[in-house]
Amino acid sequence: MKGFVHIRIDDRLIHGQVATRWSTGLKVNRIMVIDDAVAANDNEKAILRMAAPAGVNTSILPLEKAVANIKNGNYDGQRVMLIVKSPVTLVKMMEMGVELLPVNIGNMSNRPGTTQYKKSVSMFPEEKAAVDTLLSAGIKVTAQMVPDDPSVGIETFF
């Protein structure tokens, strides 16, 4: 994943913490959101673009196009932060031949049918299975809301 500096799971996608704390701290020049439904919704894309900090480009793409762009080296020489809503998306990327960086889980809201593992992390069984798949593949997965918080291995909460 040349050009990528951070992968974050956050169901809020681009929001205050990402715009002010993560993107500036990581000195990113692009935030990439991979989500099929959001990429197909012009209103949601417009809102996310408004939430991005000035001077930071956004790419809001469906999974297949994002993976093709990554494999084509479209982001080489950039500093890209990747955000997805679910670890399931990352497993699909891995299955499509993308070598992932370590993954940070920021926020996965408590929703009906989820199990809460940490104050800010609740998962459906298929999301927990996806995290287990990432860990089994040797990918470090941490839970960290903001850069100042300690980075803790997600498995300590299971």
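This is a predicted model: local features need pLDDT of at least 70, side-chain atom pairs count only at pLDDT 80 or more; totals for chains, interfaces and linings use all residues.
Helix α6, formed by residues 125-136, has twelve residues and reaches 16 Å from its first C-alpha to its last, close to the 16 Å expected at 1.5 Å a residue.

- The buried residues of α6 are E127, K128, A130, V131 and L134, and, seen down the helix axis, they fall within an arc of 155°, so they line one face of the helix.
- An α-helix has 3.6 residues a turn, so residues three or four places apart point the same way.
- On the face of α6 that is turned away from its buried side, the exposed residues P125 and S136 are found.
- Just after the end of α6, G138 takes a positive phi of about 85°.

**The protein overall**

- In its secondary structure the protein comes to six helices and nine strands, and over residues 1-158 the chain is 34% helix and 25% strand, with the end C-alpha atoms 28 Å apart.
- A compact globule with 158 residues would have a radius of gyration near 15 Å, and the protein, which has 15 Å, agrees with that value.
- Along its principal axes, the C-alpha trace of the protein spans about 40 × 30 × 30 Å.
- Of the 158 residues of the protein, 51% count as buried, while the protein exposes about 7,500 Å², of which carbon and sulfur atoms supply 51%.
- Among the contacts in the protein with a separation of 6 or more, 69% are accounted for by residues 24 or more positions apart.

- Leaving aside its neighbours within four places in sequence, L82 is in contact with M1, F4, H6, I7, R8, M32, I34, L90 and M93.
- The C-alpha atoms of L82 and K140 are separated by 15 Å, and these two residues are 58 residues apart along the chain.

**Annotation from the record**

- According to the UniProt record, an unreviewed entry, the annotation "domain: PTS EIIB type-4" covers residues 1-158.

Key:
Residues are numbered from 1 along each chain as its sequence is written. Side-chain values use heavy atoms; hydrogens and water are left out. Helices (H or I, at least four residues) and strands (E, at least two) are DSSP runs, numbered from the N terminus. The expected span of a helix is 1.5 Å times one less than its number of residues. Buried means under 20% relative accessible area, exposed over 50%, partly exposed in between (1.4 Å probe, protein chains only). The arc is that of the directions from the helix axis to the C-beta atoms. UniProt positions are given in the numbering used here, feature names are shortened, and annotations may be inferred rather than shown by experiment. The radius of gyration is taken over C-alpha atoms; the globule rule is 2.2 Å times the number of residues to the power 0.38. Contact means heavy atoms within 4.5 Å. Accessible areas come from the Shrake-Rupley method with a 1.4 Å probe; for residues, only the protein chains shown count as cover.
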